Amino acid sequence: MACNHGGYYTCQDKYNPGVLQPKKWENCMTLDDQSWGYRRNIREIDVLPMADLIGMLAATVSCGGNFLLNIGPSGDGTIPAIFQERLRQLGQWMDINGEAIYKTVPWSRQNDTVNSDVWYTSKQTPSGVDVYALVLKWDTNATTIILGAPKVSANTQITLLGSATAVKYRTITNGIEVVLPPLQSLPPPLAWGYVFKLTQLRNRPHAKRILPLPERFRKKSRIQHY
């Protein structure tokens with residue numbers, strides 16, 4: 001029975017609860033919006049755009065889920081060109097931003113309090129907890145972005161993954177305002193979604209589950225968070 005038993009909950013195709021779950025779970029989805037298998041008549045419009053793919057990945061990992069991405073090869077194992085393109089593009093994005101995905105855990109906030117297009121992950125380091133803000137939309141007319149969840153300290157540093165340029169920011173009433181570098185100066189994959197790395201924040205990490213974890217899951221299936 002879906003969403004009721006097993007080591008990981010797999011509730012339905014493209015299941016994405018949007019909030020931290022009490023049990024480990026998995027978002028199973030396919031690049032073809034119409035089928036999990038091979039289709040001769042597939043159209044480009046049926047294939048998930050990169051911006052949507054990055055958005056689903058960010059939201060899934062932020063909420064402590066696994067991300068399973070399916071493609072439909074032909075009968076002889078050939079991967080259609082459109083799927084090859086998407087997989088290469090995803091690899092290009094991960095080459096730059098994989099630090100915000102691999103070996104991360106949910107933070108005290110999953111979605112930003114001001115900007116709904118921002119999702120958070122975190123990672124324990126020898127110097128504390130690094131927080132990653134995955135921003136899904138880049139407004140080409142904007143020069144700054146506001147993040148409501150992070151609380152900076154005197155030692156906080158903010159960097160943009162994939163950029164060697166120092167990122168400036170200032171504290172405002174409802175969060176922090178971060179200065180954006182020109183999009184044209186950054187690697188092309190960042191147009192699909194970019195990541196700020198924030199260190200030495202004042203936030204007290206206390207990610208809350210939406211339901212208590214059943215006793216039988218508490219030893220092996222606990223979702224770690226910092």
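A salt bridge is a side-chain nitrogen of Lys or Arg within 4 Å of a carboxyl oxygen of Asp or Glu. By this rule, the count in this predicted model comes to eight. Side chains of opposite charge can pair when their charged atoms come close.

**Stop 1: a network.** Select Asp 32, Arg 39, Arg 43 and Asp 46. Salt bridges link these four in a network. Zoom in on Arg 43 and Asp 46: their closest N and O atoms are 3.0 Å apart. Asp 46 has 4% relative accessibility, so Asp 46 counts as buried.

Stop 2: Now select Glu 99 and Lys 197. Their side chains meet in a salt bridge, 2.8 Å from N to O. Glu 99 sits in the loop between H2 and strand E3, and Lys 197 sits in strand E9, so the pair ties together parts 98 residues apart in sequence. Is Lys 197 buried or exposed? Lys 197 is buried, at 19% relative accessible area. Glu 99 is partly exposed, at 31%.

**Stop 3: another pair.** Select Arg 170 and Glu 177. The closest N and O atoms of this salt bridge are 2.7 Å apart. Glu 177 is buried, at 16%, whereas Arg 170 is partly exposed, at 49%.

**Stop 4: the cores.** Select Trp 93 and Leu 134. These two have the most contacts inside the largest nonpolar core, which has 31 residues. Which helix gives the largest share of this core? H1 does, with seven residues. Show the neighbours of Leu 134: among them are Ala 58, Trp 93, Trp 119 and Tyr 194. Finish at a second, separate core of 23 residues, including Ile 145, Ala 149, Phe 196 and Leu 201.

Technical notes: Residues are numbered from 1 along each chain as its sequence is written. This is a predicted model: local features need pLDDT of at least 70, side-chain atom pairs count only at pLDDT 80 or more; totals for chains, interfaces and linings use all residues. Side-chain values use heavy atoms; hydrogens and water are left out. A nonpolar core is a set of buried Ala, Val, Leu, Ile, Met, Phe, Trp, Tyr and Cys residues joined through side-chain atoms within 4.5 Å. Buried means under 20% relative accessible area, exposed over 50%, partly exposed in between (1.4 Å probe, protein chains only). Helices (H or I, at least four residues) and strands (E, at least two) are DSSP runs, numbered from the N terminus. Contact means heavy atoms within 4.5 Å. Lists of a residue's contacts leave out its neighbours within four places in sequence.
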